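Colleague: Could you walk me through this one? I am new to it and would like to start with what sits inside.

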Amino acid sequence: MKILKAYIKEHRTQICMYLGAYGIFFVIFDLYHIDLACVEYAFLLSGVWSLLYAVLGFVRYRRTHRELQNVIKDEKEQILEFAEGTTLLEQDYQKLVQKLYTQINETESEQAIERQDMLDYYSMWAHQIKTPIAAMNLLLQTEKEEHPVLVSELEMELFKIQQYVEMVLTYLRMEDMSADLSFAVCDLDTVIRQVVRKYSKMFILKKITLVYEPIQETVLTDEKWLSFVLEQLLSNALKYTENGSVHIYKKGQILVVEDTGIGIREEDLPRIFERGFTGYNGRNDKKSTGIGLYLCKSVMDKLQHGLWLESEAGKGTRACMDLSREKLPVE
């Protein structure tokens with residue numbers, strides 16, 4: 001019915017023309033008192049022919065519409081596989097579409113090459129920068145006895161650099177993350193302990209207490225990507241907690257990372273997962289990129305896990321992870 005209405009609407013000019021022509025004939029015949037009986041057969045045949053023409057036109061219109069709908073739903077490579085135009089204007093439009101399609105393909109190819117070059121460069125840079133970082137760590141160890149305070153501060157800054165490098169690599173891999181996913185049943189406590197062990201020095205240097213309650217559950221997930229999310233959440237907790245503690249525990253079916261830091265303003269909470277959004281805390285910090293939480297949410301969405309934050313300014317933040325949809329009981 002929708003197609004029929006569209007067909008009638010698009011051909012209303014021709015329909016009005018035919019009806020007007022028939023009306024003119026009837027009016028002229030009536031004015032001249034011509035016996036209509038002698039032309040009724042001609043009018044009948046003309047009407048049948050017009051109706052048949054309209055039906056055939058509608059059938060072709062509906063077929064073309066469906067073909068175009070199928071093309072729209074198909075892959076991009078099939079976009080030019082539709083019926084040839086029967087009119088000069090249709091052929092012109094098809095040539096225009098083909099020209100635009102070719103230009104789009106060329107532009108996309110150029111952008112893909114440029115993006116791959118950028119990915120290759122930054123991936124190489126991120127891997128190469130790890131060498132001087134490791135060397136500086138070794139040098140700091142040799143000076144630790146003579147300058148313990150200074151070395152501790154430098155170690156903390158070097159650790160931050162390492163985290164920023166990892167964030168760059170993750171950001172670059174995000175677009176092709178689906179191809180890198182490898183789901184398996186993982187012991188959640190093992191994953192958490194690995195992350196905590198990695199950040200243990202930061203807890204010591206900042207004198208922040210870690211309270212960890214074993215979860216004793218397994219989860220179907222990608223361990224590498226889930227570890228990245230946990231690392232980012234711990235990093236944020238440490239970053240915005242000057243004193244107090246960070247608490248990792250399970251609340252019902254939810255894994256929670258809670259801190260006693262500065263918290264997040266209520267008006268900032270709806271936008272914390274937007275790329276580049278730093279909020280009030282980020283503007284004060286001056287060094288916030290607004291990328292960490294965006295990456296966490298993107299990764300959790302790909303893993304089909306839930307992630308949200310509950311917070312109140314000045315009273316800390318709770319990062320909540322819903323892993324229940326993919327969770328399996330411990331054997």
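Colleague: Which residues does Met321 touch, leaving out those up to four places away in sequence?

Modeller: In this predicted model, Met321 touches Val229, Leu230, Leu233, Gln253, Ile254, Leu255, Val257, Met300, Gly306 and Leu307, once residues up to four places away in sequence are left out.

Colleague: And what is Met321's place in the largest nonpolar core?

Modeller: That core has 45 residues, and Met321 is, together with Leu255, one of those with the most contacts inside it. The elements that give two or more residues to this core are the helices α5 (148–173), α7 (188–206), α8 (223–239) and α10 (292–302), along with the strands β4 (245–251), β5 (254–259), β6 (306–311) and β7 (317–322).

Colleague: Which element gives the most to this core?

Modeller: That is α8, which contributes 9 residues to the core.

Colleague: Take Tyr53, then: buried or exposed?

Modeller: Tyr53, which lies in helix α3, has a relative accessible area of 52%, and because the cut-off for exposed is over 50%, Tyr53 counts as exposed.

Key. Residues numbered from 1 in each chain as written. Predicted model: local features only at pLDDT ≥ 70, side-chain atom pairs only at ≥ 80, totals over all residues. Heavy atoms only, no water. Core = buried A, V, L, I, M, F, W, Y, C linked by side-chain atoms within 4.5 Å. Buried < 20%, exposed > 50% of the residue type's maximum accessible area, 1.4 Å probe, protein only. Helix = DSSP H or I, 4+ residues; strand = E, 2+ residues; numbered from the N terminus. Contact = heavy atoms within 4.5 Å.
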